[in-house]
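The sequence and structure are shown first.

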Amino acid sequence: MWPLGYKLLLAVLGMAVLVSGLPVQAADRVPMPKVPKALEKTEKGHAKLMRLKHMDLMRHQRDETVHKGIRTKQYSLKACISCHAVAGPDKQPVSITSPKHFCRSCHDYAAVKVDCFQCHSSKPPSSASLKLPLTKQIQGFLRR
Ligand code: HEC
Ligand code: HEC
Ligand code: HEC
């Protein structure tokens, strides 16, 4: 048997780790990557669907997802990049070369590499600052 004082010390240390330590997710206590917030709201269920399925939904052969019965509004990659744009120190959207880029927020963490941005732009179409005009552009993309 350990002395009571030692047990108490262990308990206090345990609490300290929980309170101060790594980013902790309430449900499972697995540290999570810090994903930047989107600029606009979108339809219900989007975040959950994208968390689970974006890797399949965005592939060039996306029809397979329809065959499996998953249906969603198809966003263009430009829309993803726009609504999920992240401003750098100069208030301009960062490109995929920045670790702050939305797509890298998880991929760096999960050690995933994608080749998409060799061809596609990783920045919103306008390099204007992340204010209202961009919001209008996002809406424009969603209407297409
Ligand atoms: C009109 C805005 C908008 C567009 C366009 C959009 N999203 Fe989102 N997305 C959101 C919002 C709002 C959330 C919820 C979390 C938040 O507020 O940042 C979200 C969440 C996500 C998440 C989960 C992030 C997390 O915190 O776990 C992923 C992944 C994601 N989106 C991927 C995509 C991809 C891929 C596309 C393009 C196919 C896309 N989104 C297009 C607004 C958008
Ligand atoms: C070798 C170049 C190349 C690579 C790499 C590439 N794409 Fe594409 N992609 C294209 C071209 C060309 C088009 C058709 C032209 C267009 O619609 O912009 C296209 C179209 C798309 C579209 C439909 C149009 C749009 O903008 O939404 C999506 C979505 C897309 N690609 C996603 C991806 C994703 C995700 C990756 C990475 C897994 C990727 N692409 C990698 C060249 C590429
Ligand atoms: C919420 C976290 C998160 C965000 C944000 C995110 N991804 Fe992912 N992505 C993942 C994870 C995790 C995987 C690996 C899934 C697996 O291995 O099954 C992945 C895989 C992928 C794949 C498949 C890679 C492969 O080799 O099969 C593509 C393509 C992809 N992501 C594109 C994107 C794009 C483009 C963005 C930004 C618009 C983005 N992701 C943002 C978590 C995220």
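This is a predicted model: local features need pLDDT of at least 70, side-chain atom pairs count only at pLDDT 80 or more; totals for chains, interfaces and linings use all residues.

Ligand 3 has 16 residues around it, of which Met55, Cys80, Cys103, Cys106 and Ala110 come nearest. Two or more residues of this shell are supplied by each of helix H2 (46-57) and helix H5 (102-110), and H5 gives the most, contributing six residues.

The composition of the shell around ligand 3 is eleven nonpolar residues, four polar and one charged. Both domain 1 (42-74) and domain 2 (75-144) take part in this shell, each of them providing at least three residues.

## The nonpolar core

The largest nonpolar core consists of nine residues, namely Ala79, Cys80, Ile81, Cys83, Ala85, Val86, Val94, Phe102 and Ile138. Helix H4 (residues 77-83) provides the largest share of this core, with four residues. In soluble globular proteins, nonpolar side chains tend to be buried together.

Cys80 belongs to this core and is also among the residues that come nearest to ligand 3. Cys83, another member of the core, touches Ala38, Leu39, Glu40, Thr42 and Ile138 when residues up to four places away in sequence are not counted; of these contacts, Ile138 is itself listed in the core.

Note on methods
Residues are numbered from 1 along each chain as its sequence is written. Chains are lettered from A and ligands numbered from 1 in the order in which they are written. A residue is near a molecule or strand if its C-beta atom, placed from the backbone, lies within 6 Å of it. Ala, Val, Leu, Ile, Met, Phe, Trp, Tyr, Cys and Pro count as nonpolar, Asp, Glu, Lys and Arg as charged, and the others, Gly among them, as polar. Domain bounds come from an automatic or database domain assignment. A nonpolar core is a set of buried Ala, Val, Leu, Ile, Met, Phe, Trp, Tyr and Cys residues joined through C-beta atoms within 7 Å. A residue is buried if 20 or more other C-beta atoms lie within 10 Å of its own, exposed if 12 or fewer, and partly exposed in between; C-beta atoms are placed from the backbone. Two residues are in contact if their C-beta atoms, placed from the backbone, lie within 7 Å.
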